[in-house]
Amino acid sequence: MFSLRLPIPIENTLITPPPKSNNNNTYNSSLCAHSYSSYSHSQTNRFLTVRNVALQKNGNSVGDSKDTMMQPFPEELNAEPLPRHVAVIMDGNGRWAKMRNLMPSAGHQAGAEALKEMVRLCASWGIKVLTVFAFSTDNWVRPKVEVDFLMSLFEKTINSEIDVFIREGIRISVIGDASKLPSSLIRMIKYAEESTKENSRLQLIVAVSYSGKYDVVQACRSVAKKVKDGILDLEEINEGIIEQELETNCTEFPNPDLLIRTSGELRVSNFLLWQLAYTELYFDGALWPDFGKEEFVEALSSFQQRKRRFGGR
Amino acid sequence: MQISNGYTVHLLEGLYCYLRRLLFKVLCVGTVPNHIAFIMDGNRRFAKKNNLAEGEGHKAGFSALLSILRYCYELGVKYVTVYAFSIDNFRRKPKDVQILMELMRQKIEELLQQESIINEYGVRLHFIGNISMLSEPVRVAVDKAMRVTAHNNHRVLLICVAYTSRDEMVHAVYQSCKQKWSHLNGEEPSKAVKNGGIEKVKGIEDKVEKHSVPPPSSCSLIELVDFERNMYMAVAPDPDILIRTSGEARLSNFLLWQAGTCPLYAPSSLWPEIGLRHLVLAVLNFQKYHHYLENKKEKKKHKNF
């Protein structure tokens, strides 16, 4: 039941992803052939699954043609209560690829598509904040080629989605320790954050090189510095003061109402520790690339049945 | 007839005990968790379900706690932590809070009696939380319990009262700043630091190493070590399993820092209904997880060569 699957579980050495094919519109072809040359096209077609993903020549985007951004609100759900802030530990990409005899990078590509779908659903259904655990501080110990691939995937995905985010009112924020990120990715992040900072339909917070403990410790260091500099009195230190210094101070709603972890692992793996104090936890057995609308509706339905007492009656 | 019934019951109890010990011997072939934490949820629902008076659910919960402690200590678990009363619980009706405070005081006294499990297993008691928030009779009982059991060193029971994880972290920051501030002003370091402060436990250096926290900058005042040393829970290693009864899947501000990577288990039974089977299942799952972790470490070692 348990494993040490971190948000980006990679077990095999990655290879460089192939350039996008311009001749084929199918989702399958964007992931198949070329560099995965040991597998035939037909095999890849058999293994890959497609979930409500808009098809486009240059790959899938959150808001594609014919206003596919808006997904109708599911009948199975009540209008209230809906979580204002949903957090997701996107676990299972590596296993998804392994099950299909694909390279792990294919799992991450598929995971990126699942994330785009998730963003689309949250924006459609009125969820205000979506925080995703993309890369943990513990993931830095992975082989360099794997880490480099992931960094380039983040950069490529942000780059391909910026225009859509701007158009669809989605604000992107990135939290985590930026000191180890490649400078090109840091520049891309800054540009994306700046370009979308006025948007208010949905805030997508991507945790990269992040850990809950790192977040709490950096907040405490900031508080300590304020005490040292005389800006803050020692006796004034309280929960609110610390919360203001956490990386989630980039949003009005820093505490998730619902945390979803895919792939069946039953732990929070050092994600948003402080912020998860009263969060409803939902563990789904589906691997992240297979987590789609159906699974999300189930998670939301489970949330709607929870009785949240916050310690009182 | 009565004598024969009594004899039969005694025999069955003996057999049950024997089978349980056998089961534990089998479990001990794998790794036994060093520390299990429990969120004892569902006492009030148990009372309602069984048409019991206010407070009776918690009494049943206390009996369940004694059973679970016995199972844990028999199995070889050294540390058990229980979430007995949250700071948030003070928001309940004053009458309910008063009943719970009085129950707490009574049960602490019971625990200290000669024939209790505390003496049987040599259990040291720690009360974890903002103890100053408790009523005076409870505070007196708490101080006595910690003093009287301070020499015990076979097992440990940590009872979280007037506790929330966030409050614990605020306290840790406050204490760390106070110590650093005194140091910077050239004053005498606070008593806590001078007297060795919170008792260090074996493995705290391990805790520091495995955290991926960036190195402090030149103007940073608090180190991870300072922070962890000042946590109420610094007297124990991190839990290996966190179990919450009654089927609720949330942490409710309990051990957020310590249980960050810990497997969670949420049986649907209410706390007074918790039994041996829940503990065994939780331990089996832990052993599977632990086995996977060890395999992963081995593979990594071989890869590096």
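A residue is called buried here when its relative accessible area is under 20%, exposed when that area is over 50%, and partly exposed in between, using a 1.4 Å probe and the protein chains only. The structure is a predicted model, in which local features need pLDDT of at least 70 and side-chain atom pairs count only at pLDDT 80 or more, while totals for chains, interfaces and linings use all residues. Residues are numbered from 1 along each chain as its sequence is written, chains are lettered from A and ligands numbered from 1 in the order in which they are written, and side-chain values use heavy atoms, leaving out hydrogens and water.

By that criterion A:Phe133 and A:Phe271 are both buried. Across all chains the search finds 15 aromatic pairs, where rings of Phe, Tyr and Trp (its six-membered ring) pair if their centres lie within 6.5 Å, with planes under 30 degrees apart counting as stacked, over 60 as edge-to-face and the rest as tilted. A:Phe133 and A:Phe271 form a stacked pair, 4.3 Å centre to centre with 10° between the planes. This pair links distant parts of the chain, 138 residues apart, since A:Phe133 lies in strand β2 (residues 129–136) and A:Phe271 in the loop between β5 (258–261) and β6 (280–283) of chain A, strands being DSSP runs of E with at least two residues and helices runs of H or I with at least four, numbered from the N terminus.

In chain B, B:Phe85 and B:Phe90 pair edge-to-face, at 4.9 Å and 75°; B:Phe85 is buried at 2% relative accessible area, whereas B:Phe90 is partly exposed at 26%.

In helix α6 of chain A (residues 183–196), A:Leu185, A:Met188, A:Ile189, A:Ala192 and A:Thr196 are buried.

Note on methods. Expected span 1.5 Å × (residues − 1).
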